[in-house]
Amino acid sequence: MTRLELLRRWWQRYTSQIVAGFGVLALAVYVQTTQAWLLRELYRGLQGGRVPDTRLTDARVQELETQVQALQMQNRQLQQLLNYQQQMPLVTVATTVVGRSASHWWQQLWVGEGSRKGIAPGSVVLAPGGLVGRVLDVTPHTSRVLLVTDPSSKVGVMVNRSRAMGILVGQGSGQAVLEFFDKNPDVKPGDAIVTSPFSTMFPAGIAVGKVESIDWRAMPAPRAMVQLYAPVDRLEWVLVESYGAKSPLLHP
Amino acid sequence: MVRNRLFSIPRLGGLLITVLSAWAALALLPLRLPGMELAGIAPDWPLIWVVAWSVKRTAWQGLMAGVTLGIWQDALVNPGEGWWPSHALGLGVAGALTALLQKDRLIQEDFISVALIVFAMAVISETVMAVQWSLLDHRSLGQIWLDHQRLTLASAILSSLWAPLVYVPLSRLWQSTA
């Protein structure tokens, strides 16, 4: 038997498997390019529920919200006097959480509203307690959120009391690490952490968490463990706020 | 003869259920049911599916199934832009290795041994992921390997416990339509 004959036989025997293999692969790559659009939309149909309207039942919250509004108004007037530009959300959408991260290596959420409600990649996601994350991408009725607890998430933050700046990096749990820029930051356990005015991805002054402990010997600068206010691992609904401006994700 | 059987109704039905079950394995990923998670980590359903598929197939078929499900999982997880670790590598390796184990000759045919294979493959695929993270420079090395320990243990234990649930019906199906 010649070598050519052997090759022909081998080809006849395995051609269907090889073609089928590459066919399935091509289909998979196509699905990848659509970011599993169809599955995510279907998923939302299975899981989507209504956002509980807790504001109607919780009078205390209403009272506090009124106070906050009054303070915000006062604040805005004062800032106008100072010629200061204030960012206000273009859209705020309350939505349910329909799914969790589809891989162990990521801390993500799937939420049940998307581009139809004006959510865009980069929108800020809040929950009772404060900052939760940022929208990675959207389909018409779902969005995928990168949580602040994800090790890929980096948020520019500061200590509210002393304005010491740093970057908050997720740890995959309810805590995150705050890496200070300064060698000798003014910080102590219990300090509140808010987003920094120099962050391009998040509006300034959103509550994030509070300092639990500080490692002064860390190199190159001290680091603090931050307990997040929002219960990130048992969220049921979130608020998505879109500020219109887009900046590249995951690169602060 | 062979050509006729290739497109018979039971075979097409079997193919459809196979594809649907693979999609179901992916659709289970974002779900967290009570009792189904350990330290916030859910079973690795696509890995269980790939192992069940590869046990009695060739290494090529195992590789293709693993890579395909891995690419789909990437679609569910990875941010659109830039280079991110792919699940296709880990699952592809797991599929090919499972097929190469020659289970029929070496190990008894039962779901206990499948659970053991799933345990080993979970460790391997998570390690492949950790190596990719290390090479890609998105996260600090210490963090990656600390996560690796936690994720691997939880994922391997949970996945091997849930493996029979996926393996038994699928193996029945493939036996009946083979």
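In this predicted model, the largest nonpolar core comprises 60 residues, of which Trp105(A), Trp49(B) and Leu76(B) touch the most other members. Two or more residues are given to this core by helix 1 (3–33) and helix 2 (37–47) of chain A, and likewise by several helices of chain B, including helix 4 (59–77), helix 7 (111–136) and helix 8 (141–177). Helix 8 of chain B provides the largest share, 10 residues. When residues up to four places away in sequence are not counted, Leu76(B) touches Ala36(A), Leu39(A), Ala102(A), Gln108(A), Trp110(A) and Arg144(A) in chain A, together with Leu26(B) and Leu29(B) in chain B.

Chain A contains 4 helices and 12 strands, and 44% of its 252 residues count as buried. Of the contacts in chain A with a separation of 6 or more, 59% are accounted for by residues 24 or more positions apart.

Between chain B and chain A, about 3500 Å² is buried, 63% of it on carbon and sulfur atoms, and the contact involves 41 residues from chain B and 37 residues from chain A. Pro30(B), Leu76(B) and Arg139(B) supply 18% of the area that chain B buries against chain A, more than any other three residues. The interface holds 1 salt bridge, and the side chains of Arg139(B) and Asp150(A) meet in a salt bridge at 3.0 Å, N to O. The count of residue pairs in polar contact between the two chains is 16. On the side of chain B that touches chain A, the largest share, 12 residues, comes from helix 4 of chain B.

Methods: Residues numbered from 1 in each chain as written. Chains lettered and ligands numbered in written order. Predicted model: local features only at pLDDT ≥ 70, side-chain atom pairs only at ≥ 80, totals over all residues. Heavy atoms only, no water. Core = buried A, V, L, I, M, F, W, Y, C linked by side-chain atoms within 4.5 Å. Buried < 20%, exposed > 50% of the residue type's maximum accessible area, 1.4 Å probe, protein only. Contact = heavy atoms within 4.5 Å. Buried area = accessible area lost by both parts, 1.4 Å probe. Salt bridge = Lys/Arg side-chain N within 4 Å of Asp/Glu carboxyl O. Polar contact = N/O pair within 3.5 Å; in protein donor to acceptor, adjacent residues only side chain to side chain.
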